[in-house]
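Trainee: May we work through the structure shown here, question by question?

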Amino acid sequence: MIGFVQVDPWMLDIGMRGFVAVSPGEIVDTKTAKRATLEDIAEAAVGKRFVLVGEEHDNADAHAWQAKIIEALHKSGRHVIVGYEMIQRPEQLALDLWTLGKLTEPQFLERAKWQASWGFDFALYRPIFEVTKRYGLRNVALNVPRDWVRAVGRSGYDALDAEAKAQVPTLDLTNANHAKVFDALMGGHPMGSPNVYAAQVLWDEVMADSAAKYLNKTYVSDKTVFVVIAGNGHVMYGQGIGWRLEKRTGEKA
């Protein structure tokens, strides 16, 4: 395509500048370029209300690290709550019953409508759910039905019916850095319709809204930390869920 330039979403001019080398199986602090431990991550999270942990959905290593980070935060004395992009709000009861040990794994997958609403092999995510059950950590469904996101992507916000609009926040489409990240993730192609971007914003707005509302209705101490598990595109550069959480709560993730 004439005039089209491929953009690397990991090399955008947002935030810190420079390069950091990372080898498989290690964690690196991008501020210092030094190797970090799980304990270092827990220490860096002191005073943070939200910790966003991204993933490639089909990458088993990513999910193993997510589970380790959750466990490290718990062992450091934090009161950990875990929120999931993968689970829709109407299935919150399935998460509650899982935490209480009331469901077997097959029962949980059926109650949570895992295959229909998410579809990725649950074995990839099993380490996370085993950690939350082992320590009795609270789990929160962050998402809304995928049909709502698809409807906005096709026809815009007004495609949602009154019931759906009553459950989703207003879409803030003004974050230029977020739009830059989204365009890069889409390969740098100019979007044929602004509705496609609005659908992505709906996703991020809803997850931020779900996390903030959950904390508003539960007991929160200075040790409470809400860990958001979501795809990389929702957490990169702090411009997706993180930006919208900060707008709502004043807390920088």
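Trainee: How many of the 6 residues of strand β5 are buried?

Mentor: β5 covers residues 138-143; strands are DSSP runs of E with at least two residues, helices are runs of H or I with at least four, and both are numbered from the N terminus. Buried means under 20% relative accessible area, exposed over 50% and partly exposed in between, for a 1.4 Å probe and protein chains only. By this criterion β5 is mostly covered, and the number of its buried residues is 5.

Trainee: I note that this is a predicted model, in which local features need pLDDT of at least 70 and side-chain atom pairs count only at pLDDT 80 or more, while totals for chains, interfaces and linings use all residues. Residues are numbered from 1 along each chain as its sequence is written, and side-chain values use heavy atoms, leaving out hydrogens and water. Which residue of β5 stands opposite G83?

Mentor: Strands pair if DSSP finds at least two bridges between them. β4 and β5 are joined by 5 bridges and run parallel. In β5, the residue opposite G83 is V140.

Trainee: Is V82 buried or exposed?

Mentor: V82 belongs to strand β4 (residues 79-88). Leaving aside residues up to four places away in sequence, its contacts (heavy atoms within 4.5 Å) are I70, T132, R138, N139, V140, F226, V227 and I229. Because its relative accessible area is 0%, V82 is buried.

Trainee: Why do the buried residues of α9 line one face of the helix?

Mentor: In α9 (residues 176-185), the buried residues are H178, V181, F182 and A184. What covers them includes α10 (194-216) and α12 (241-249). The arc is that of the directions from the helix axis to the C-beta atoms. The buried residues line one face because, seen down the axis of α9, they fall within an arc of 165°.

Trainee: How many residues apart in sequence are the parts tied together by D209 and R89?

Mentor: A salt bridge places a side-chain nitrogen of Lys or Arg within 4 Å of a carboxyl oxygen of Asp or Glu, and the side chains of D209 and R89 meet in one at 3.1 Å, N to O. D209 counts as buried at 8% relative accessibility, whereas R89 is partly exposed at 21%. D209 lies in helix α10 and R89 in the loop between β4 and α3, so the separation of the parts they tie together, in residues, is 120.
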